[in-house]
Amino acid sequence: MLQLHPDDVVWRNLRLATLDPDHGTPYGLLENRALIVRGETILAIVPDAGLPQDLPNAINLQGRLVTPGLIDCHTHLVFGGDRAAEWEQRLNGVSYQTISAQGGGINATVTATRESTPVQLEQLAQQRLQRLMREGVTTIEIKSGYGLNDETEEKMLRVAQRLAQTNPIEISPTLLAAHAVPKEYRQDPDAYIAHVCQHTLPQLWEKGLFDAVDVFCENVGFTPEQSERVFQAAQARGIPIKGHVEQLSNLGGTALVSRYHGWSADHIEYLDEAGVCAMAQSGTVAVLLPGAFYFLQERQRPPVTLLRQHGVPMAVATDYNPGTSPFASLHLAMNMACVQFGLTPEEAWAGVTRYAAQALGRGATHGQLKAGFVADLAIWDAKSPVEMVYEPGRNPLYQRVFRGKVQ
Ligand code: DI6
Ligand code: FE
């Protein structure tokens, strides 16, 4: 028999979508349960009927649905400015080349981010973060990558750190110094990669500013050879890696990420079966980013059927960024993953909970309602988890719980 402490909190009368595959039910659904939280952690899940009626510290949720807090495992949340005017120009027929020549595209965001103060960056990112938290997001990854010099990459990561200190949400920061070639190195991208490996990465790691290293491996980003140099520098220090790979073409970046036992390979629209097999072997998570696919009007879909066949876990994220996915809604990303990529709503939910946690190296502690896992909960005025996927924008969130505390 479970011995309760006076400070334990008992959430009663719940429908739990645990997302725990051990239960063998859709969404890991359990009816008429109570969830006992001790401190920041789930102590146990028990049948409600077995508990005495007059428990102290009990909160009756009257049959509401409870899920794990949502996890957005791929975002570029911190950046200066926006690119709305540029997008409008494009739709008015101005070519991408002309926009680039005018300093537009990713360069415009790099310039704006370099020119912004930390306070300005924080204020913008805070608004974006709030929109995600309003949907029940309790953990988020944030990448650097709009600084492309040591000073601004550090500034971005410190803004992410500050957001983590001033918000209940958990933040996993990622170094994406190899996002694009900065204008100072336009003639010599290899020299920029050498600088990232020898200076940016080791120095910012020493300062404890990130959890993992990411690279944009693409013909408009970095070659597999250049990407591998960054991965080697990370591996030499035991730093986990992930990659933006196979988004616009197949360069073999996914196999490379898998060789380095990456946490995740993200985008992967152009991935082939060999790459899928490599992921299956290394346990790398496929992070699907349907917002960017939609906004760029791409046609090539990620190989979802092959990923399923080979048992590769699929996560879903917003990729929130000003150039290719200006959508701060994880519910919308789930909807798009179903409509555009053919995921089932249950797969979309696993993709923003269990597998998103795995893509951030947190699979043993986050993303499921299970004894021993952190008590990050989303409580909904809904009957089934499909509702949040079916109708993005309605948002039936009732309450959110970060590490055991309602906030
Ligand atoms: N892939 C993308 O689609 C974005 N970054 C990346 O690695 C583009 C980012 C931007 O245009 O600002
Ligand atoms: Fe991205």
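Q: How much space lies in the largest cavity?
A: About 40 Å³. The model is a predicted one.

Q: Which residues line the largest cavity?
A: The lining consists of Pro68, Gly69, Ile71, Thr138, His366, Gly367, Gln368, Val374 and Asp376.

Q: How many cavities of 30 Å³ or more are there in the whole structure?
A: The search finds 2.

Q: And pockets: what volume does the largest one have?
A: About 1000 Å³. It is lined by 40 residues, and Arg83, Tyr96, Gly105, Ile106 and Thr324 are the closest to its centre.

Q: Which elements give two or more residues to that lining?
A: α1 (84-91), α2 (96-101) and α3 do. The most comes from α1, with 4 residues.

Q: Staying with α3, where is Thr113 found?
A: Threonine 113 is in helix α3, which covers residues 106-115.

Q: Is Thr113 buried or exposed?
A: Buried, because its relative accessible area is 0%, and the cut-off for buried is under 20%.

Q: What lies 3.0 Å from a polar atom of its side chain?
A: The backbone nitrogen of glycine 80. Gly80 is also among the residues that threonine 113 touches, leaving out those up to four places away in sequence; the others are Phe79, Leu121, Tyr146, Thr152, Lys155 and Met156.

Q: New topic: where does Leu148 lie?
A: Leucine 148 is in the loop between β7 (137-143) and α5 (150-166).

Q: Buried or exposed?
A: Leucine 148 has a relative accessible area of 3%, so it counts as buried.

Q: Which residues is Leu148 in contact with, leaving aside neighbours within four places in sequence?
A: Val110, Arg114, Glu153, Ala177, His179, Ala180, Val181, Pro182 and Tyr192. As for C-alpha distances, 9.3 Å separates leucine 148 from threonine 200, 52 residues apart along the chain.

Q: Now the packing. How many residues has the largest nonpolar core?
A: It has 86, and Leu201, Leu307, Leu343, Trp349 and Trp380 have the most contacts inside it. At least three residues come from each of domain 1 (9-69 + 368-406) and domain 2 (70-359). Apart from this core lies another, of 14 residues, including Leu14, Leu35, Val37 and Ile379.

Q: What does Leu343 touch, not counting residues up to four places away in sequence?
A: Leucine 343 touches Leu288, Val304, Arg308, Met314, Val316, Ala337, Cys338 and Ala348.

Q: What do nonpolar side chains tend to do in soluble globular proteins?
A: They tend to be buried together.

Methods. Residues are numbered from 1 along each chain as its sequence is written. Chains are lettered from A and ligands numbered from 1 in the order in which they are written. This is a predicted model: local features need pLDDT of at least 70, side-chain atom pairs count only at pLDDT 80 or more; totals for chains, interfaces and linings use all residues. Side-chain values use heavy atoms; hydrogens and water are left out. A nonpolar core is a set of buried Ala, Val, Leu, Ile, Met, Phe, Trp, Tyr and Cys residues joined through side-chain atoms within 4.5 Å. Buried means under 20% relative accessible area, exposed over 50%, partly exposed in between (1.4 Å probe, protein chains only). Domain bounds come from an automatic or database domain assignment. Contact means heavy atoms within 4.5 Å. A polar contact is a pair of N or O atoms within 3.5 Å; within protein, one must be able to donate a hydrogen and the other to accept it, and residues adjacent in sequence count only if both atoms are side-chain atoms. On a 1 Å grid over the protein atoms alone, a cavity is a set of points where a 1.4 Å probe fits but cannot get out, and a pocket is an open set with protein on both sides within 12 Å along at least five of seven lines; lining residues have an atom within 4 Å of a point. Grid points are joined across faces, edges and corners, and a volume is the space filled by probe spheres set on the points.
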